[in-house]
Amino acid sequence: MGFLFIFVLIGYITMCVVVARLICKTLQSKKAKVVTATAIGLLSISFFLSRLLPDTTPIWLASAIYAVSTTWLLVMLYGSIMIFLIWLGKRLLKVSQKITGPMTLNTYLGILAATIILIIGGHINAVSPKVIPYHVGLNGVKIVAVSDLHMGYAVDADDIEKLANIINEQNADLCIIAGDLFDGDIKPVVEQDLGAALKTIKCPVVAVMGNHEYIGGAPDVDADYIRSLGINMLRDSAMTVGKMTVVGRDDLHSRYLKEPKSLDEIIPEGAKNIIVVDHQPARIEESQNAGALLHISGHTHAGQVWPFRFFTEKIFPLDYGKKKYGSTTAIVTSGYGTWGPRVRLASQSEVLVID
């Protein structure tokens, strides 16, 4: 994962430099070139600078900076792809002398407009969650499962209220939250009580820790807030709900703080109808070997924006959907919220209903 991050970072920096140079070539005055290059440079590093904001920064300002900086990541990604495709097309057509000459400023403005339209469509998709049914055979038990809420600067109280209403409409016996309730920084969540609507869920709710709880640096504080919402946090522990044994695994990120427990250490003696909840879908085989009936994960967002699904498919044995592993059914959800920009262009926001 570290190599992948470095690869993506180098690619992003390269895109920013190339795009800035190409646009500046279309400008006549030196002042316009300097202003344009400076603006693109500041926007390009704004996401990294937003990580350095002091705790005293007003939440409204931090939210605005977060929205702009993360959206710019997509502007650069899809803008660069469009620039490359147009350049490639011009190179191919130049052979027949149909199109010649460099791209103009109007071309870049057109690309920007197309990119903005694409992002708006992705935002509408991200805030329009769908209910996805799965049949597993739980003997009349109905479970609502959701993951990756990412409450914070992008996912707000209205989003969580919508989620709580969707869950209550299902009349389920149990609600499972498969990690990443927070986007990392717990400050906007606690100060604005973004999770308040989760208290209205009418069935028992269990949750596990995700990697973003650990990225936020305060998993114990996160857990305290989660408990205040009436949610049972399972951290390498199990609880009985009706005839089911729900086993919650601590996220793989916890290995930086402690030695993770094996499933054999967590599952109670004589447990039946075992449901394993593990934020990252990297240990499905362990659930299969333990004889679990059901394994539920999230984390991948099913790529969230194209082309990142190509990476999640390579990294995890199952990055989205349902698959049988012996007698164990594994389900990986694309999640409810989003990381970074409130945009989905390769997947949908969803809530699972499993019966």
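A salt bridge here is a side-chain nitrogen of Lys or Arg within 4 Å of a carboxyl oxygen of Asp or Glu. Keep that in mind as we walk through this predicted model, in which local features need pLDDT of at least 70, side-chain atom pairs count only at pLDDT 80 or more, and totals for chains, interfaces and linings use all residues. Residues are numbered from 1 along each chain as its sequence is written, and side-chain values use heavy atoms, with hydrogens and water left out.

Let's start with R309, whose salt bridge to E313 has its closest N and O atoms 3.9 Å apart. Both residues sit in helix α11 (residues 309–315), 4 residues apart, or about one turn of the helix; helices (H or I, at least four residues) and strands (E, at least two) are DSSP runs numbered from the N terminus. Shared partners join R309, E313 and D319 into one salt-bridge network.

In the whole structure, 6 salt bridges turn up. One of them pairs R235 with D250, with the closest N and O atoms 3.8 Å apart. R235 lies in the loop between β5 and β6 (237–241) and D250 in the loop between β7 (244–248) and α9 (263–266), so this contact ties together parts 15 residues apart in sequence. D250 is buried at 1% relative accessibility, while R235 is partly exposed at 26%; buried means under 20% relative accessible area, exposed over 50%, and partly exposed in between (1.4 Å probe, protein chains only).

E286 and R249 form another salt bridge, the closest N and O atoms being 2.9 Å apart. This pair links distant parts of the chain, with E286 in helix α10 (residues 284–289) and R249 in the loop between β7 and α9, 37 residues apart. R249 is buried at 2%, whereas E286 is partly exposed at 34%.

Now for the aromatic rings. A search of the whole structure finds 7 aromatic pairs, where rings of Phe, Tyr and Trp (its six-membered ring) pair if their centres lie within 6.5 Å; planes under 30 degrees apart count as stacked, over 60 as edge-to-face and the rest as tilted. The ring centres of W306 and F310 are 6.4 Å apart and their planes stand at 75°, so this pair is edge-to-face. F308 and F311 make a tilted pair, 6.0 Å centre to centre with 35° between the planes.

Finally, the sheet: 6 strands form an open, mixed arrangement in the order β1-β12-β2-β3-β4-β5, where two strands pair if DSSP finds at least two bridges between them. β2 (residues 143–146) and β3 (residues 174–177) run parallel over 4 bridges, and A145 has I176 of β3 as its bridge partner.
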